[in-house]
Amino acid sequence: MLKVVEKFMGDMTRADLSKKVRKVILDRQKDLCFYCNRPLMGFYVLDHFVPRSKGGSDNAENRVAACQACDGAKGGRLPINEERQRLATILNS
Ligand SMILES: [Zn+2]
């Protein structure tokens with residue numbers, strides 16, 4: 001649990017994405033968690049869709065806003081096909 005909170009705080013304070021880019025990511029998901037679809041209400045983690053440990057980039061195209069619970073549950077796994085298709089749809093809309 002502590003690890004999750006640290007990660008959350010780290011992502012919230014890390015300045016790798018500008019406010020503008022964060023807003024773009026939230027807007028394209030309509031302020032909903034990418035994984036569970038619950039309203040984020042301002043509390044979110046910018047998850048690396050493809051984990052950095054697996055070669056994913058820091059760019060907006062590889063980031064999804066997720067609630068703390070989903071980000072913690074996802075850990076370092078690779079996205080499944082359904083998630084890849086869903087992100088592709090979001091990016092192309
Ligand atoms: Zn969630």
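The following legends describe close-up views of a predicted model of a protein chain.

**View 1. Overall arrangement of the protein chain.**
The protein chain contains four helices and two strands. Along the sequence these elements follow the pattern α-α-β-β-α-α. Of the 93 residues in the protein chain, 17% count as buried. Among contacts between residues at least 6 apart in sequence, 62% join residues at least 24 apart.

**View 2. The largest nonpolar core.**
Ten residues form the largest nonpolar core: Cys33, Phe34, Tyr44, Val45, Leu46, Val64, Ala65, Ala66, Cys67 and Leu87. Strand E1 (45-48) and strand E2 (63-66) each contribute at least two residues to this core. The largest share, three residues, is supplied by E2. Cys33, one of the core residues, is in contact with Arg38, Leu40, Ala65, Ala66, Cys67 and Cys70, when its neighbours within four places in sequence are left aside.

**View 3. The pairing of strands E1 and E2.**
In which sense do E1 and E2 pair? The two strands pair in the antiparallel sense, over four bridges. Within this pairing, His48 stands opposite Arg63 in E2. In a regular strand, side chains alternate between the two faces of the sheet. Both faces of E1 are covered, with Val45 and Asp47 buried on one side and Leu46 and His48 buried on the other. In E2, Arg63 and Ala65 point one way while Val64 and Ala66 point the other way, and all of these residues are buried.

**View 4. Helix H4 and residue Leu87.**
Helix H4 comprises residues 81-92, and Leu87 has its place in this helix. The twelve residues of H4 should span 16 Å at 1.5 Å a residue, and the end C-alpha atoms are 16 Å apart, which agrees. An α-helix has 3.6 residues a turn, so residues three or four places apart point the same way. Is H4 well covered or hardly covered? The helix is hardly covered, for the count of buried residues among its twelve residues is one. Leu87 counts as buried because it has 20 C-beta neighbours inside 10 Å, and 20 is the number at which a residue is called buried. Not counting residues up to four places away in sequence, Leu87 touches Phe49 and Val64. Leu87 also belongs to the largest nonpolar core. Between Leu87 and Glu61, which are 26 residues apart in sequence, the C-alpha to C-alpha distance is 8.8 Å.

**View 5. Lys30 and Asp31 in the loop between H2 and E1.**
Lys30 is found in the loop between helix H2 (19-28) and E1, and Asp31 lies in the loop between H2 and E1 as well. Most residues other than glycine have a negative phi. Lys30, although not a glycine, has a positive phi of about 55°. Asp31 is likewise not a glycine and has a positive phi of about 60°. Is Lys30 buried or exposed? Lys30 is exposed because 10 other C-beta atoms lie within 10 Å, and a residue with 12 or fewer is called exposed. Asp31 has 14 C-beta neighbours inside 10 Å and therefore counts as partly exposed.

**View 6. Gly56 in the loop between E1 and E2.**
The loop between E1 and E2 holds Gly56. With 17 other C-beta atoms within 10 Å, Gly56 is partly exposed. Which residues are in contact with Gly56, leaving aside its neighbours within four places in sequence? They are His48, Phe49, Val50, Pro51 and Asn62.

**View 7. Asn59 in the loop between E1 and E2.**
Asn59 lies in the loop between E1 and E2. Asn59 is exposed because 11 other C-beta atoms lie within 10 Å. How many residues apart in sequence are Asn59 and Val21? Asn59 and Val21 are 38 residues apart in sequence, and 9.4 Å apart in space from C-alpha to C-alpha.

How values were computed: Residues are numbered from 1 along each chain as its sequence is written. This is a predicted model: local features need pLDDT of at least 70, side-chain atom pairs count only at pLDDT 80 or more; totals for chains, interfaces and linings use all residues. A nonpolar core is a set of buried Ala, Val, Leu, Ile, Met, Phe, Trp, Tyr and Cys residues joined through C-beta atoms within 7 Å. Two residues are in contact if their C-beta atoms, placed from the backbone, lie within 7 Å. Two strands pair if DSSP finds at least two bridges between them. The expected span of a helix is 1.5 Å times one less than its number of residues.
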